[in-house]
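Please find below a colleague's note on the model under review. The comments are set out as numbered points.

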Amino acid sequence: MVFSMFKIMPFLYLLSYGIVLAFGQVLFKMSSNQVDNIDLFSLASISKLITQPCFILACSVYGLSTLAWVGILARVNLVIAYPFVISTSLLATSLIGVFAFGEEVNSYTFISYALIICALVTLSKGIIGNV
């Protein structure tokens, strides 16, 4: 049982990290909703954005998660970790976009998500089997 737990931990690290990234993306979306017509060449617009609580929290989440990422990479190969985290984050962020922000998904997007889920299942076998 202990051996099995050692094999599943990297999978749980990666899954958690992907969800944390999705949370950061949601915070960035919330901060963009609080600032109308962001002009990245306007100091006033940038000042308004970077003082938004959601933006500050999103940057903090991303900054702290970067420290966790380094720890994860010490335990999992990059060729497995990165695609898994990006896929997990993409799916979680998309689900939140649909349910929290009312964003729409078309059939092409749905098919793409199904393919990503297949890739995640395959990667999961690689993570648990080849750590």
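1. Basis. This is a predicted model, in which local features need pLDDT of at least 70 and side-chain atom pairs count only at pLDDT 80 or more, while totals for chains, interfaces and linings use all residues. Residues are numbered from 1 along each chain as its sequence is written, and side-chain values use heavy atoms, with hydrogens and water left out.

2. Fold. The chain has five helices and zero strands, giving the pattern α-α-α-α-α along the sequence. Helices (H or I, at least four residues) and strands (E, at least two) are taken as DSSP runs and numbered from the N terminus. Along the principal axes, the C-alpha atoms occupy a box of roughly 55 × 35 × 25 Å.

3. Among contacts (heavy atoms within 4.5 Å) with a separation of 6 or more, 73% join residues 24 or more positions apart. Of the 131 residues, 31% are buried. Here buried means under 20% relative accessible area, exposed means over 50%, and partly exposed lies in between, with a 1.4 Å probe and protein chains only.

4. Surface. The chain exposes about 8,500 Å², of which carbon and sulfur atoms supply 72%. Accessible areas come from the Shrake-Rupley method with a 1.4 Å probe, and for residues only the protein chains shown count as cover.

5. Charges. There are 5 positive and 4 negative side chains, and the centres of the two sets are 24 Å apart. In this count Lys and Arg are positive and Asp and Glu negative, with His and the chain ends not counted. Each charge is placed at NZ of Lys, CZ of Arg, CG of Asp or CD of Glu.

6. Salt bridge. Side chains of opposite charge can pair when their charged atoms come close. The whole structure holds one salt bridge, defined as a side-chain nitrogen of Lys or Arg within 4 Å of a carboxyl oxygen of Asp or Glu. The partners are Lys29 and Glu103, at 3.7 Å from N to O. The pair links distant parts of the chain, with Lys29 in helix α1 (residues 2-34) and Glu103 in the loop between α4 and α5 (107-129), 74 residues apart. Lys29 is partly exposed at 32% relative accessible area, and Glu103 is partly exposed at 38%.

7. Cysteines. For Cys59, the closest cysteine sulfur is in turn that of Cys54. Cys54 is buried, at 13% relative accessibility, whereas Cys59 is partly exposed, at 36%.

8. Ser89. This residue lies in helix α4 (residues 78-101). Is Ser89 buried or exposed? Its relative accessible area is 8%, so Ser89 counts as buried. Leaving out residues up to four places away in sequence, Ser89 touches Gly18, Leu21 and Ala22.

9. Leu120. Leu120 and Phe84 are 36 residues apart in sequence, with a C-alpha to C-alpha distance of 6.2 Å. Leu120 is buried, with a relative accessibility of 12%.

Key:
A disulfide is a pair of cysteine sulfur atoms within 2.5 Å.
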